[in-house]
Amino acid sequence: MARKKKAVVVSVANQKGGVAKTTSTASLGAAFAEGGKRVLLVDLDAQASLTFSLGVDPDLVETSINEALLGQCALADTIIGCDEGIDLVPSTIDLAGAEAQLLPRPGREYALQSALDEVLGDYDVILVDCSPSLGVLTLNALTASQGLIIPMSCEMLSHRGVGQLLDTVADVRRLLNKKLTVWGILPTMYDGRSSHAREVLADLGGRYGVPVLDPPIPRTVRFAEAPAIGRSILSTSRRSKGAIAYREVATGLLPRL
Ligand SMILES: Nc1ncnc2c1ncn2[C@@H]1O[C@H](COP(=O)(O)OP(=O)(O)OP(=O)(O)O)[C@@H](O)[C@H]1O
Ligand SMILES: [Mg+2]
């Protein structure tokens, strides 16, 4: 029997808050699913925004990523099938305590990698939505991943945080996971009419020595509306410029899956 191909694991991370990590995770996941890929999304944030945005109420979740990380249940037992052909490992506010519980444990950075191991054969791609921090949970995501996507708002006056994140990536590669590569910075909330946004985008390419994914994701109010009904912008607003941009970015990443 042919050996099943294993999923490619990709972290969506930036310790800066509100840069569209969760929106990008849900939208790229939906785009990959539209393209026939088997997709698992992992909510690794105690805010549980991804869980909410897929129409799952975190307060009603019985087993979540928290129990899977602590070895109290199998990760497969936490998976919820959602619309748009996507599976979800949900989060709850309990995850806020996981960081402290993991800290004294041996091999604490490997908890996610080892929890995901049993489901790698069931998916083509696993996207991990990180919280806005560089704590032990984000280190777990980077340790479990082959790829990293860094969403970055084009509205930001300063993106100093990206340098710190790339330093962390270098440490992770040296100490924990040699396979990690930065797939690219994903410019989000881009307003092509703003000269500031155009300058931020033009400057990005050279500044960090990592790829800039194309096209940038335009700023559009559609994104604020989608999570309210538990579906991503790709199905609520199929032809909006935001949905089209995420599809194009996903298509560009397909050769890596
Ligand atoms: N392209 C866009 N245009 C307009 N609004 C957007 C866009 N992308 C995301 N948003 C909105 O910006 C806000 C922050 O997005 P999101 O929750 O995805 O960011 P995040 O990086 O995951 O935040 P956190 O750091 O809190 O996890 C949300 O209200 C979302 O609807
Ligand atoms: Mg988020």
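Student: In which sense do strand β6 and β7 pair?

Tutor: Happy to start there. A word on the ground rules: this is a predicted model, where local features need pLDDT of at least 70, side-chain atom pairs count only at pLDDT 80 or more, and totals for chains, interfaces and linings use all residues. Residues are numbered from 1 along each chain as its sequence is written, chains are lettered from A and ligands numbered from 1 in the order in which they are written, and side-chain values use heavy atoms, with hydrogens and water left out. Strand β6 covers residues 147–153, and its 7 bridges to β7 make the pairing parallel.

Student: Which residue of β7 is the bridge partner of I149?

Tutor: Strands here are DSSP runs of E with at least two residues, helices are runs of H or I with at least four, and both are numbered from the N terminus. Two strands pair if DSSP finds at least two bridges between them. S153 has T188 as its bridge partner in β7, while for I149 the partner is G184.

Student: How many of the 8 residues of strand β7 are buried?

Tutor: Strand β7 spans residues 181–188. It is largely enclosed by the rest of the structure, because the number of buried residues is 7 of the 8.

Student: Which are the edge strands of the sheet?

Tutor: The open sheet has 7 strands with mixed pairing, in the order β3-β4-β2-β5-β1-β6-β7. An edge strand pairs on one side only, and here the edge strands are β3 (80–82) and β7.

Student: By what angle are neighbouring strands of this sheet turned against each other on average?

Tutor: Axes are lines fitted to C-alpha atoms, for helices over the stretch in contact, and angles run from 0 to 180 degrees between N-to-C directions. For neighbouring strands of this sheet, with direction ignored, the average is 25°.

Student: Which residue in β5 stands opposite V10?

Tutor: Strand β1 (residues 8–12) also runs parallel to β6, joined by 3 bridges, with S11 and L148 as bridge partners. Strand β1 pairs with strand β5 (residues 125–130) in the parallel sense over 5 bridges. In β5, the residue opposite V10 is L127.

Student: At about what angle does α1 run to β5?

Tutor: Contact means heavy atoms within 4.5 Å. Helix α1 lies across β1, β2 (39–44), β4 (86–89), β5, β6 and β7. Relative to β5, α1 runs at about 170°.

Student: How are α4 and α6 oriented to each other?

Tutor: Helix α6 (residues 136–144) packs on α4 with the axes 9 Å apart and an angle of about 80°. Angles under 35 degrees count as roughly parallel, over 145 as roughly antiparallel, 65 to 115 as roughly perpendicular and the rest as oblique. Therefore α4 and α6 are roughly perpendicular.

Student: Which residues in α6 do L95, E99 and L102 of α4 meet?

Tutor: Ala, Val, Leu, Ile, Met, Phe, Trp, Tyr, Cys and Pro count as nonpolar, Asp, Glu, Lys and Arg as charged, and the others, Gly among them, as polar. The residues of this contact divide into 4 nonpolar, 1 polar and 1 charged. On the α6 side they are V136, L137 and N140.

Student: Which residue forms a salt bridge with E34?

Tutor: A salt bridge is a side-chain nitrogen of Lys or Arg within 4 Å of a carboxyl oxygen of Asp or Glu, and the structure holds 6. E34 is partly exposed at 39% relative accessible area. At 2.6 Å, N to O, its side chain meets R247.

Student: How many residues apart in sequence are the parts that this pair ties together?

Tutor: E34 lies in helix α1 (residues 21–34) and R247 in helix α11 (residues 241–253). The pair therefore ties together parts whose separation in residues is 213.

Notes: Buried means under 20% relative accessible area, exposed over 50%, partly exposed in between (1.4 Å probe, protein chains only).
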